[in-house]
Amino acid sequence: MNTRRKLVVGNWKMHGSRKGNAELLEGIVGARPFGCDVAVCVPFPYLAETAVALAGSDLRWGAQDCSAHEQGAYTGEVSAGMLHEFGCRYVIVGHSERRAYHAEGDPLVADKAKAALARGVTPIVCVGETLAQREAGETEAVVKRQLSAVIHTLAHCASEMVVAYEPVWAIGTGRTATPAQAQQVHALLRAQLQAATPHAPGMRILYGGSVKPDNARELFAQADIDGGLIGGASLKAADFVAICRAADAT
C-alpha cells in the first residue's frame, strides 16, 4: 500500500503579475485545508511577495531554477543560498524547457540538485522523453540516463530529492499520457531509485504532463504516482484547488 503523502506543486513558468498573483494565492489559501502537501514555484521577482502571502499557512513555495554555483560572476543567475534566504522549500531543476531552450545537460542538472540540497532546498528533479524518443522506443533509456546522473552526483543524499516525470510530448500540447503509461515509467523510476537507496519506497515521484482537474484523480490513483507538477492548470485557483482535492482523495 502506498503511504506516501501526495505532493502537488504549481509551476507558474513565466507567468504572473503582482495583482494576479495576489488573487491566485488568496484563492488557494482560502481553499485550505488540504489533505496533501501543496507548493507553488514562482518566478524569481515574486518570491518575496509569495512568502508574505503564504506566511503562517501550511503551503510552501519555491523557484523554477537555480545556479549550480554558490556565488560569483554569473550574471543573471540565482543561487540556492538566495532561494533559501527567501524561505524556498523547493526548486525545480532540469525541467524540459531548461534542457531544450538553455541546453542544460544531465551533469549540470545534477550539479544544480546538489547545490540546492547543500542549502536546504529540496530539488524537484525533472526527467522525461520527447515524442521522437518515445516513438523510437527510447523512453526507458532516456529517463534512466537522466536520473542516473543525479543519483550518482547526490550519492547518499539522493533520497532527499523529489523526482518528476514529465513526458515532453505531453507538456502544453493538451496530450496526456494515459494513467497506465505514466505508471509504467513511474514504476521504472522507482525501481531505479530502489537500486540506489533503501529510502526509495518513501520518495515521492510526481507526474508532470498536462494534469487537469478531470484527469488528476485517475493519475494520482496509480501506485507510484505521488502527486503532480502542474503547469497551466496552476494559474487558475479553481483548477489548481480541484487538482489538490483529487490528490486528497487518493
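1. Helices and strands are here DSSP runs, with at least four residues required for a helix and at least two for a strand, numbered from the N terminus. On that basis the protein chain, which is a predicted model, contains ten helices and eight strands.

2. As to overall form, the radius of gyration of the protein chain is 17 Å, and this agrees with the value near 18 Å that a compact globule of 250 residues would have. The C-alpha trace, followed along its principal axes, spans about 45 × 45 × 35 Å.

3. Of the 250 residues in the protein chain, 51% are buried, while the accessible surface amounts to about 11,200 Å², with 54% of that area belonging to carbon and sulfur atoms.

4. Turning to the pockets, the largest has a volume of about 480 Å³, and its lining consists of 20 residues, with Phe 44, Gln 64, Asp 65, Arg 98 and His 102 lying nearest the centre. Helix α4, which covers residues 96–101, gives the most to this lining, contributing three residues. Sorted by class, the lining of the largest pocket comprises nine nonpolar, six polar and five charged residues.

5. The second largest pocket has a volume of about 220 Å³ and is lined by 18 residues, of which Ile 171, Gly 172, Ser 210, Gly 231 and Gly 232 are nearest its centre.

6. One residue may be examined individually. Asn 21 is found in helix α1, which runs over residues 18–30, and it is classed as buried because its relative accessible area is 6%, the cut-off for that class being under 20%. Once its neighbours within four places in sequence are set aside, Asn 21 is in contact with Trp 12, Gly 16 and Tyr 46.

7. A last point concerns separation within the chain: how far apart are Asn 21 and Thr 122 in sequence and in space? The two residues are 101 residues apart in sequence, and their C-alpha atoms lie 23 Å apart in space.

Terms used. Residues are numbered from 1 along each chain as its sequence is written. This is a predicted model: local features need pLDDT of at least 70, side-chain atom pairs count only at pLDDT 80 or more; totals for chains, interfaces and linings use all residues. Side-chain values use heavy atoms; hydrogens and water are left out. Buried means under 20% relative accessible area, exposed over 50%, partly exposed in between (1.4 Å probe, protein chains only). Contact means heavy atoms within 4.5 Å. On a 1 Å grid over the protein atoms alone, a cavity is a set of points where a 1.4 Å probe fits but cannot get out, and a pocket is an open set with protein on both sides within 12 Å along at least five of seven lines; lining residues have an atom within 4 Å of a point. Grid points are joined across faces, edges and corners, and a volume is the space filled by probe spheres set on the points. Ala, Val, Leu, Ile, Met, Phe, Trp, Tyr, Cys and Pro count as nonpolar, Asp, Glu, Lys and Arg as charged, and the others, Gly among them, as polar. The radius of gyration is taken over C-alpha atoms; the globule rule is 2.2 Å times the number of residues to the power 0.38. Accessible areas come from the Shrake-Rupley method with a 1.4 Å probe; for residues, only the protein chains shown count as cover.
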